[in-house]
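Please look through the sequence and the model shown below before reading on.

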Amino acid sequence: MPLVIYVEADGARHEVDVPLGENVMRGAVNNGVEGIVGECGGGLACATCHCYVDAAWADKVGGPSSDDERDMLESAAAEVRPTSRLSCQIAITPELDGLVVELPERQY
C-alpha cells in the first residue's frame, strides 16, 4: 500500500498506509489523523477535508480536478493556497507512494 504522510498544523506527522483506489481523506479519517474531518464522507459537498499538497508533490497530484472542487475550496475555513485540494478528491495510486499533505489549522 502507498504511504501518505499527513503533517498537522502543529508539525505532528502521521505516516499511514492507504489502500490503492482509496482517497487521502479516508486514509486520514480511517486512521484517526486529526485535522481532516470529511463531514460529507467524500461527496464533494463540504470543504472539511481541505489540505495543502506538499510542493514537491503538486505536479503529480495536479490542481483541483473539477469546477465543483474549485467551488468547494472557496468555502474552506482556512486560507486557500495554490496547492490546496480537497483530500477526498485525491485518489491513491502507486505513483503517490510517499505523498505529503499538510493540514490547515482548522476545517470549520
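Which residues of the largest nonpolar core touch the most other members? They are Tyr-6, Ile-90, Leu-99 and Val-101, in a core of 29 residues. A nonpolar core is a set of buried Ala, Val, Leu, Ile, Met, Phe, Trp, Tyr and Cys residues joined through side-chain atoms within 4.5 Å. Buried means under 20% relative accessible area, exposed means over 50%, and partly exposed lies in between, with a 1.4 Å probe and protein chains only. The elements that give two or more residues to this core are β1 (3-7), α1, β3, α3 (67-73) and β5 (99-102). The largest share, 4 residues, comes from β1. Such elements are DSSP runs numbered from the N terminus: helices (H or I) have at least four residues and strands (E) at least two.

The structure is a predicted model, in which local features need pLDDT of at least 70 and side-chain atom pairs count only at pLDDT 80 or more, while totals for chains, interfaces and linings use all residues. Residues are numbered from 1 along each chain as its sequence is written, and side-chain values use heavy atoms, with hydrogens and water left out.

Strand β3 comes next. In a regular strand the side chains alternate between the two faces of the sheet. In β3, His-50 and Tyr-52 point one way, Cys-51 and Val-53 point the other way, and all are buried. His-50 counts as buried because its relative accessibility is 0%. Two strands pair if DSSP finds at least two bridges between them. β3 pairs with β4 in the antiparallel sense over 3 bridges, and Cys-51 has Arg-85 as its bridge partner in β4. β3 also pairs with β5 in the antiparallel sense, over 2 bridges; here Val-53 has Val-101 as its bridge partner in β5. Contact means heavy atoms within 4.5 Å. Leaving aside neighbours within four places in sequence, Val-101 is in contact with residues including Val-4, Tyr-6, Val-24, Cys-51 and Val-53.

The side chain of Arg-85 makes a polar contact with the side chain of Glu-69, at 2.7 Å. A polar atom of the Arg-85 side chain also lies 3.3 Å from the backbone oxygen of Gln-89. A polar contact is a pair of N or O atoms within 3.5 Å; within protein, one must be able to donate a hydrogen and the other to accept it, and residues adjacent in sequence count only if both atoms are side-chain atoms.

Ile-92 lies in the loop between β4 and β5 and is buried, because its relative accessible area is 3%. Which residues does Ile-92 touch, not counting residues up to four places away in sequence? Among them are Pro-2, Val-4, Leu-20, Glu-22 and Val-24. Pro-2 and Ile-92 are 90 residues apart along the chain, yet their C-alpha atoms are separated by 7.4 Å. Glu-22 and Ile-92 are 70 residues apart in sequence and 5.6 Å apart in space, C-alpha to C-alpha. Glu-22 is itself found in a loop, between β2 (13-17) and α1 (24-29). Glu-22 counts as partly exposed, because its relative accessibility is 21%.
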